[in-house]
Amino acid sequence: MAAPAEKVIELALQGGGSHGAFTWGVLDRLLEDGRLRIEGVSGTSAGAMNAVTLADGMARGGPEEARRHLERFWWTTSAAAQFSPIQRSVIDRFMGNWSLDTSPTYIAADLVSRLFSPYDLNPFDMNPLRDIVRQTIDFDNVNRTDLKVFLTATNVRTGRPKIFRQPDVTAECVMASACLPTMFKAVEIDGEAYWDGGYMGNPALFPLVDECEARDCVLIQINPFTRSEVPKSAADIMNRLNEITFNAALIKELRSIVLLWELIHHENLDRQAYRDARIHVIADNDTMQALGVSSKMNAEWAFLTMLRDKGRAAAAAWLEAHFDDIGVRSTFDVSWVLEESLRPAHLSEDADRAYLRRVKGEG
């Protein structure tokens, strides 16, 4: 009996500091599965680092080498972080918290960042992550692989997204995508200054829709869209602001894709000309909602491997539930993305359920 044909997908990788280890776990499980071919990957910040590591590993030796290379990258990151002055406090360790909320050095660094800029505190622009990226990633491999890579950064002067593509992907592009403006100087590339791409696309979806043939886009989500409770503490408020800020552009893109899908199918437009897409999401909201924003700076190996294992479990559950849906229908629940005012005018309230079923490809 002939082996079943592989299914082709695109990947959208969110940024989120150390929480990107969850994405490492998802990628590890998808690569292990063997039934999927990844045509393109769009990443921001930690997602950009995962993207170039994946591309480098695929060029070196295919899926198995990509799995080893991802582990190598995260191990190197964790090993370097052992020398960071910002570590979990005794209280956090005793309570089993992964956050740095009671770490004296984290609190001091956070306060200082509100008074002084990186241009004041870090005039030589030292960034250990840049050294790790240069040490572990062969960008010649990244730029010659068949896997399409798109990295998002934010142009400081114009406020517009910048997409870095092959054959021009470099370590500086990765660092531009991951440049938090309160921690590092803006990254200068070809006379333009860039900050973290999460402000304008976490990650950007339009390059995948416009420049890849695959119509199934899998978002690996590490920043929760929703929370059940209103934050009350200062730390929880800052955490929620961080999530909202870094999800805003993505939500707008998802809404546009969903409404374009409806327009194409309602008006019977040319699907190739208008490039519709099926959306899927791999996430673990319970785990991510329990982690505060400060834990994004925790690179302890135990924390990273815990997130990796959570990512593997989430990917396995998604494959079990939705592998057969790839190439057939969206599995992302779009109902909350579509505000009442943005639903197509020809639909009545009674037609909402049928509309949402059509968007998901169920009828």
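In these legends a residue is called buried when its relative accessible area is under 20%, exposed when it is over 50%, and partly exposed in between, using a 1.4 Å probe and protein chains only. The model shown is predicted, so local features need pLDDT of at least 70 and side-chain atom pairs count only at pLDDT 80 or more, while totals for chains, interfaces and linings use all residues. Residues are numbered from 1 along each chain as its sequence is written, and side-chain values use heavy atoms, with hydrogens and water left out.

View 1. Helices are DSSP runs of H or I with at least four residues, numbered from the N terminus. Helix α2 covers residues 46–81, and although it has 36 residues, its end C-alpha atoms are only 15 Å apart, short of the 52 Å that a straight helix would reach; this expected span is 1.5 Å times one less than the number of residues. At Gly61 the helix α2 bends by about 130°, and Pro63 follows within four residues, the bend being the angle between axes fitted to the seven residues ending there and the seven starting there.

**View 2. Surroundings of Leu27.** Leu27 belongs to helix α1, residues 20–33, and counts as buried because its relative accessibility is 1%. Leaving aside residues up to four places away in sequence, Leu27 touches Leu11, Leu13, Asn50, Leu54, Leu70 and Ile220, where contact means heavy atoms within 4.5 Å. The C-alpha atoms of Leu27 and Ala66 are separated by 9.1 Å, although these residues lie 39 residues apart along the chain.

View 3. Rings of Phe, Tyr and Trp (its six-membered ring) pair if their centres lie within 6.5 Å, and planes under 30 degrees apart count as stacked, over 60 as edge-to-face and the rest as tilted. Seven aromatic pairs are found in the whole structure. One of them is the stacked pair of Trp24 and Trp74, with 6.4 Å centre to centre and 5° between the planes. Because Trp24 lies in helix α1 and Trp74 in helix α2, the pair ties together parts that are 50 residues apart in sequence. Trp24 is buried at 1% relative accessibility, and Trp74 is buried with a relative accessible area of 4%. The rings of Trp75 and Trp301 have centres 5.1 Å apart and planes at 90°, so this pair is edge-to-face. Trp75 is partly exposed at 44%, and Trp301 is partly exposed at 25%. Trp24, Phe73, Trp74, Trp75 and Trp301 form one aromatic cluster.

Conventions:
Helix = DSSP H or I, 4+ residues; strand = E, 2+ residues; numbered from the N terminus.
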